[in-house]
Amino acid sequence: MTCDLSVSVDGYSAGLNQSEERPFGDDGGDGWGGRLHAWFAGTSEENRAEVNRMTAARAFIMGRNMFGPVRGEWDREWNGWWGDDPPFHGPVFVLTHHPRDPQPMDGGTTFHFVTDGIESALARAREAAGDGDVAVQGGATTANQYLAAGLIDELRLHIVPFTLGAGTRLFDGVPPLELEQAESRAATSVTHVTYRVLP
């Protein structure tokens, strides 16, 4: 299983004070992750190989916080941040404590809501992916759970040259890991580093 995550140099994938109006919180900008994700949204041609690798998986896993701002029971309709045609074009398994029926979207994306933990989400994603890859798409809290459980094989970090100082941080609560650098590439506004997570 792979995991892609955009992080600041000090390892944060989002700032403090996340809200519906500012999903990335105090992120050094307008709260919509513009600096963290400019390499993906603004200079995607320069970073085409990394974008293609991110979207090549056949099934995806994400945390509820990445899916949206609704907390607790599903008391209103919410179908993600990405509009009617999300970029996944496959099954996405959303970790949550609150049951909800699957939500099909345009373009082949269907959000499935998993209430019985990370291992169950991974088993369902592997079954859905067949012989294809499964990718953890974030956020950092979800990545940390899978890293702590030893379930991620390849960690792809997209390191953006600024610091946040506080927020949601990669590796929080994760025991020491042995990583092997497999690849790195510097681009205009980001450095892409791929690590193999060793057993």
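Student: In which loop does F171 lie?

Tutor: This is a predicted model. In it, F171 belongs to the loop between β9 (168-169) and β10 (178-186).

Student: What is the phi of F171?

Tutor: As a general idea, most residues other than glycine have a negative phi. In this structure, phi of F171 is near 80°, a positive value in a residue other than glycine. With a relative accessibility of 34%, F171 counts as partly exposed.

Student: Where is H89 found, and what is its phi?

Tutor: H89 is in the loop between α3 and β4. Its phi is near 55°, again positive in a residue other than glycine. H89 is partly exposed because its relative accessible area, 48%, falls between the cut-offs of 20% for buried and 50% for exposed.

Student: Is the peptide bond from G138 to G139 cis or trans?

Tutor: Most peptide bonds are trans. The bond from G138 to G139, however, is cis, with omega near -5°. G139 is found in the loop between β7 and α5.

Student: Which residues are closest to the centre of the largest pocket?

Tutor: The largest pocket has a volume of about 1,200 Å³. Of its 47 lining residues, N65, M66, Q137, G138 and G139 are the closest to the centre.

Student: Which element gives the most to the lining of the largest pocket, and how do the residues of the lining divide?

Tutor: The most comes from α5, with 4 residues. Among the elements that give two or more residues are also β1 (2-8), β3 (59-63) and β7 (134-138). By type, the lining has 20 nonpolar, 23 polar and 4 charged residues.

Student: How should I read the largest nonpolar core, and which residues have the most contacts inside it?

Tutor: In soluble globular proteins, nonpolar side chains tend to be buried together. Here the largest nonpolar core has 28 residues, and those with the most contacts inside it are M1, I61, V134, Y146, I152 and L170. The elements that give two or more residues to this core include β1, β3, β7 and α5. The most comes from α4, with 5 residues. Apart from this core lies another, of 14 residues, including V70, W74, V94 and F113.

Student: Which residues does L170 touch?

Tutor: Leaving aside residues up to four places away in sequence, L170 touches L5, V7, G11, A140, A143, N144, L147 and L157.

Note on methods. Residues are numbered from 1 along each chain as its sequence is written. This is a predicted model: local features need pLDDT of at least 70, side-chain atom pairs count only at pLDDT 80 or more; totals for chains, interfaces and linings use all residues. Side-chain values use heavy atoms; hydrogens and water are left out. On a 1 Å grid over the protein atoms alone, a cavity is a set of points where a 1.4 Å probe fits but cannot get out, and a pocket is an open set with protein on both sides within 12 Å along at least five of seven lines; lining residues have an atom within 4 Å of a point. Grid points are joined across faces, edges and corners, and a volume is the space filled by probe spheres set on the points. Ala, Val, Leu, Ile, Met, Phe, Trp, Tyr, Cys and Pro count as nonpolar, Asp, Glu, Lys and Arg as charged, and the others, Gly among them, as polar. A nonpolar core is a set of buried Ala, Val, Leu, Ile, Met, Phe, Trp, Tyr and Cys residues joined through side-chain atoms within 4.5 Å. Buried means under 20% relative accessible area, exposed over 50%, partly exposed in between (1.4 Å probe, protein chains only). Contact means heavy atoms within 4.5 Å.
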